Amino acid sequence: MNVQEKIGLLEEMMELEKGDLEPNTVLEELDEYDSFFKLYLVTYAKKEMGKRLTVAEMEEFKTVKDICDYLE
């Protein structure tokens with residue numbers, strides 16, 4: 001999955017319009033970056049990628065690119 005596909009996935013998870021997110025979008029500035037999204041991301045990482053995303057790892061995410069890098 002390339003970066004644009006990952007961004008599209010994140011937009012879908014956050015129920016945003018296509019093109020709303022950029023790699024340098026700051027997560028804390030998004031109303032949609034809330035506990036529901038974080039739970040969805042943890043579940044996605046486990047089910048689809050076999051990765052266990054911890055709270056500590058999630059706290060390190062500052063931009064959309066950080067999440068995309070994790071989803072490799």
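The legends below describe close-up views of a predicted model. Residues are numbered from 1 along each chain as its sequence is written, and side-chain values use heavy atoms, with hydrogens and water left out. In this predicted model, local features need pLDDT of at least 70 and side-chain atom pairs count only at pLDDT 80 or more, while totals for chains, interfaces and linings use all residues.

**View 1. The crossing of helix 1 and helix 2.**
Helix 1 covers residues 3-13 and helix 2 covers residues 35-49; helices (H or I, at least four residues) are DSSP runs, numbered from the N terminus. Their axes come within 10 Å and cross at roughly 130°. Axes are lines fitted to C-alpha atoms, for helices over the stretch in contact, and angles run from 0 to 180 degrees between N-to-C directions. The two helices are therefore oblique to each other; angles under 35 degrees count as roughly parallel, over 145 as roughly antiparallel, 65 to 115 as roughly perpendicular and the rest as oblique. The crossing is right-handed, a term used if the near helix is turned clockwise from the far one by less than a right angle.

**View 2. Residues between helix 1 and helix 2.**
From helix 1, Leu9, Leu10 and Met13 meet Phe37, Tyr40, Leu41 and Tyr44 of helix 2. Contact means heavy atoms within 4.5 Å. The residues of this contact divide into 7 nonpolar, no polar and no charged. Here Ala, Val, Leu, Ile, Met, Phe, Trp, Tyr, Cys and Pro count as nonpolar, Asp, Glu, Lys and Arg as charged, and the others, Gly among them, as polar.

**View 3. Helix 1, its buried residues and its two ends.**
Lys6, Ile7, Leu9, Leu10, Glu11 and Met13 are the buried residues of helix 1. Buried means under 20% relative accessible area, exposed over 50%, and partly exposed in between (1.4 Å probe, protein chains only). Helix 2 and helix 4 (64-70) are included in what covers these buried residues. At the start of helix 1, a side-chain oxygen of Asn2 comes within 2.9 Å of the backbone nitrogen of Gln4. Glu15 follows helix 1 and is found in the loop between helix 1 and helix 2. Phi of Glu15 is near 60°, a positive value in a residue other than glycine. Glu15 counts as exposed, at 72% relative accessibility.

**View 4. Lys38 in helix 2.**
Lys38 lies in helix 2 and counts as partly exposed, at 29% relative accessibility. Not counting residues up to four places away in sequence, Lys38 touches Tyr33 and Met58. Lys38 and Met58 are 20 residues apart along the chain, and their C-alpha atoms are separated by 8.0 Å.

**View 5. Thr25 in the loop between helix 1 and helix 2.**
Thr25 belongs to the loop between helix 1 and helix 2. Thr25 is buried, with a relative accessible area of 16%. Its side chain reaches the backbone nitrogen of Glu22 at 2.9 Å. Leu30, Lys62, Thr63 and Val64 are touched by Thr25, not counting residues up to four places away in sequence.

**View 6. Pro23 in the loop between helix 1 and helix 2.**
Pro23 also lies in the loop between helix 1 and helix 2, and is partly exposed, with a relative accessible area of 28%. Leaving aside neighbours within four places in sequence, Pro23 is in contact with Val3, Ile7, Thr63, Val64 and Lys65. Pro23 and Met1 are 22 residues apart along the chain, with their C-alpha atoms separated by 15 Å.

Conventions
Polar contact = N/O pair within 3.5 Å; in protein donor to acceptor, adjacent residues only side chain to side chain.
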